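I opened this notebook to keep track of what I look up in the model, entry by entry. The sequence and the coordinates come first, and my notes follow.

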Amino acid sequence: MNKLKNILLTKIKVKYLICFFALSLMHFGAHAGTCNIIGNESGAPVLCGVAKQGGMLFGEVPTVIRVYKGDVLVSYRGIFVVGLAYNTPETISLRFCQRRRCDTFTYNIEQRTFPEQHITVPARFDDFTPEVLARIERERQNVFAARAESINFDATAFMDMELPENLRTKRITAGYGFRRVVNGTPRRRHLGVDFAAPTGTPAKAIADGVITLADYMFFNGKSVYIKHGHGMSSSYMHLHTIDVNVGDVVKRGQVIGTIGNTGRSTGPHLHLGVYWRQSGLDPMLLLQNTRE
Ligand SMILES: [Zn+2]
């Protein structure tokens, strides 16, 4: 009986700790969404972020606690991030474990509907020689590596992502999650936002980070990839020029190149992507200072 009581008491203590520390993240000044995401079970840690398809959740727990949704990484500070892909189900489960004691808590994720968009591109982007196919595959692997979460890079710049001021008034020609039909054939989702802008308009970093890829790619044109910590990254495609190199440390708002019309593009625009590992998120949900 006493043993059971002890176990119960410890369990309550763990839950109390989780709650306390998850809430304390508010003191860091987390801006990417609000810190009021409540789980469905009592004792569930309160998380920060945006609980919608295309959004992101993050929180802080004592460093002795591990968080599992698949394999979420908890930093030495106890911070963790869970990205929510466009097809995230209505409820997700997170398991919080301290040694062998685990609690599973569920969180509701707002479901969205995404429009369909038909576009026409030149046939050269629809019919590939073996050389081009090999190039596409090589570039796909480079992008995969650029977006991978690095255990030793747990910066928290992702909490302060901001839409650069020169994009705030630009027309959005394609939104996040659009189902694309290219030359009559259904294609992958559009997992970014397109801003129409004249060639030569400065392209700026949405947050502090490190350049992981800067290349002239077949589909994406001249592209730059930046990592911001905890598996969060941003990508800037169809650029006219690239002004940074792999390994460069950049600041939020820093010019990384100029907007253009390279790659599979139908006019000068910036394709801005925000990813958690390999999952495309919705920049307009996560960036500060977007238009209403
Ligand atoms: Zn795009």
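How many bridges join strand 4 to strand 6, and do these strands run parallel or antiparallel? I find four bridges between strand 4 and strand 6 (residues 91–98), and the two run antiparallel; strands here are DSSP runs of E with at least two residues, helices are runs of H or I with at least four, and both are numbered from the N terminus. I count two strands as paired if DSSP finds at least two bridges between them.

Entry, ground rules. I am reading a predicted model, in which local features need pLDDT of at least 70 and side-chain atom pairs count only at pLDDT 80 or more, while totals for chains, interfaces and linings use all residues. Residues are numbered from 1 along each chain as its sequence is written.

Entry, confidence. The pLDDT (the predictor's confidence in each residue, from 0 to 100) has a mean of 87 over the protein chain, and 87% of the residues reach 70 or more. Over residues 4–21 the pLDDT is below 50, and I note 17 contacts in the model for this stretch beyond near neighbours in sequence, a contact being two residues whose C-beta atoms, placed from the backbone, lie within 7 Å. Residues 26–30 also have pLDDT below 50, with six such contacts. Where pLDDT is low, the predicted coordinates should not be read in detail.

Entry, the chain as a whole. I list three helices and 20 strands in the protein chain. Of its 292 residues, 41% are buried, where buried stands for 20 or more other C-beta atoms within 10 Å of the residue's own, exposed for 12 or fewer, and partly exposed for values in between, with C-beta atoms placed from the backbone.

Strand 2 (residues 47–50) pairs with strand 3 (residues 56–60) over three bridges in the antiparallel sense, and C48 stands opposite F58 in strand 3.

Entry, strand 10 and its partners. Strand 10 (residues 178–182) runs parallel to strand 8 (residues 116–119), joined by four bridges, with H118 opposite V181. With strand 11 (residues 185–190), strand 10 pairs in the antiparallel sense, also over four bridges, and T185 is the bridge partner of V182. Strands 10 and 11 form a hairpin with two residues between them, and N183 in the turn has a positive phi of about 50°.

Entry, K222. I place K222 in strand 15 (residues 221–229). Why do I call K222 buried? K222 is buried because 21 other C-beta atoms lie within 10 Å. Not counting residues up to four places away in sequence, K222 touches Y216, L239, I242, G257, G260 and T262. The C-alpha atoms of K222 and H240, 18 residues apart along the chain, are separated by 6.8 Å.
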